Amino acid sequence: MDNLKNLKQSMQAQQEKLKEFVTHGDSAIQKFYENSSVFITGGTGFIGKLLIEKLSRACSLNKIYVLIRSKKNKSIKQRILELMDDPVFDVIKSEQPNFGSKIIPIEGDITEYRLGLSKADWNTISDEVDTIFHMAANIRFDVELKEALLCNVRGTREAVQLGKDCKKLRAFVYVSTAYTYATEDRVGCLVSEDIQTPPMESELLVNMAETMSSETLDKIAPVLVNGWPNTYTYTKAVAEEVVRSLGNDLPICVVRPGIVIATYMEPIAGWIDESNVYGPTGLLLGSGLGLVKVLCANRKNKVNIVPGDLVTNAIIAAGWETGSQRETKPLKPEVYTVSNIRNQITWDSLKCTRKYTNCQRC
């Protein structure tokens with residue numbers, strides 16, 4: 001219990017330092033976003049909530065437009081209110097009770113043409129918004145290829161088109177994944193932080209998704225996705241090429257996070273979205289609760305996990321760097337990979353695991 005108490009006190013001290021830095025409001029990043037109007041897709045997801053919270057708490061923005069679709073008999077206004085009821089916003093509620101007045105829900109759907117936006121909303125965004133964070137995607141690994149293409153590829157195309165219409169655009173940040181090119185032929189190889197040649201031309205794939213039935217696409221999916229572990233990473237690879245080719249005249253960048261887990265420090269240490277309690281997070285949580293007792297793994301294998309708040313900070317910083325350098329650097333998408341490459345973690349180093357060396361393969 002003493003160790004837990006000391007850890008809590010240490011975390012609180014660090015949080016107070018962070019709060020002090022944020023309060024000053026004089027960093028280059030804070031000044032960049034001052035009085036800015038941003039547009040966010042994927043705002044109701046795990047990283048989306050953290051992004052809205054951090055921008056609201058640390059930056060004096062003008063407006064935050066959040067793309068939301070109505071579902072389950074709930075309007076977008078109801079959904080945005082439910083969003084702000086999440087415990088992740090408890091800190092900012094205590095500091096800025098009226099922070100929600102700057103968060104404006106916009107009805108839409110990334111699987112639709114023009115993101116499902118009305119003409120009026122499209123015009124509002126193109127007139128007012130100067131920064132776009134496109135994070136929405138279907139992240140299921142087993143999703144049908146048709147759905148993945150329409151959401152992850154065509155949705156990205158429509159978001160970039162919106163960016164091209166924005167009269168004040170300073171930065172467009174596309175959130176991808178560190179596993180975009182984690183293909184079978186690259187195992188054990190160094191993958192450069194560049195946008196690689198896509199497996200197939202994006203418009204051809206979108207056209208196939210629009211004209212072919214799900215059954216037909218599923219039959220040819222093994223050929224199309226060959227080498228990629230799933231339709232998610234495959235379509236994210238194609239979407240990156242959309243960003244590179246269609247957005248070549250925009251101040252645009254790509255952020256590739258590793259496997260995102262609970263927050264390290266901000267706004268609450270250890271916060272995790274209820275929709276994200278799976279994968280490594282579920283494993284760590286299950287181990288801590290005593291629900292997961294056995295894991296078969298190579299103890300020397302590296303685990304590329306990154307806390308959610310560090311990913312959020314990287315996304316915000318990427319937008320700042322892209323926007324601040326747009327007039328001095330060639331308009332070529334920079335790629336920012338968020339990983340623990342400098343602080344590598346193996347299954348052996350995780351504190352929730354114990355070693356059993358009876359297995360000869362370990």
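**Reading aromatic contacts**

A: This predicted model holds six aromatic pairs.

Q: What makes the pair of phenylalanine 46 and tryptophan 271 tilted?

A: Planes under 30 degrees apart count as stacked, over 60 as edge-to-face and the rest as tilted. Here the ring centres of phenylalanine 46 and tryptophan 271 are 5.4 Å apart and the planes stand at 40°, so this pair is tilted.

Q: Which parts does the pair tie together?

A: Phenylalanine 46 belongs to helix H3 (residues 46–58). Tryptophan 271 sits in the loop between strand S7 (259–261) and helix H11 (279–289). The pair therefore links parts that are 225 residues apart in sequence.

Q: Are phenylalanine 46 and tryptophan 271 buried or exposed?

A: Buried means under 20% relative accessible area. Phenylalanine 46 has 8%, so it is buried. Tryptophan 271 is buried too, with a relative accessible area of 8%.

Q: What geometry do tryptophan 228 and tyrosine 234 show?

A: Their aromatic pair is edge-to-face. The distance is 5.5 Å centre to centre, with 85° between the planes. Both tryptophan 228 and tyrosine 234 are buried.

Q: Which residues form one aromatic cluster?

A: Phe32, Tyr33 and Phe133 do.

Q: Where does arginine 170 lie?

A: For a charge over a ring, check the distance to the ring centre and the angle to the ring normal. Arginine 170 lies over the face of phenylalanine 32, at 3.9 Å from the ring centre. Phenylalanine 32 is also one of the cluster residues.

Q: Which ring does arginine 114 lie over?

A: Arginine 114 is placed over the face of tryptophan 122, at 4.0 Å from the ring centre.

Key:
Residues numbered from 1 in each chain as written. Predicted model: local features only at pLDDT ≥ 70, side-chain atom pairs only at ≥ 80, totals over all residues. Heavy atoms only, no water. Phe/Tyr/Trp six-rings, centres within 6.5 Å; stacked < 30°, edge-to-face > 60°. Helix = DSSP H or I, 4+ residues; strand = E, 2+ residues; numbered from the N terminus. Buried < 20%, exposed > 50% of the residue type's maximum accessible area, 1.4 Å probe, protein only. Lys NZ or Arg CZ within 6 Å of the ring centre and 35° of its normal.
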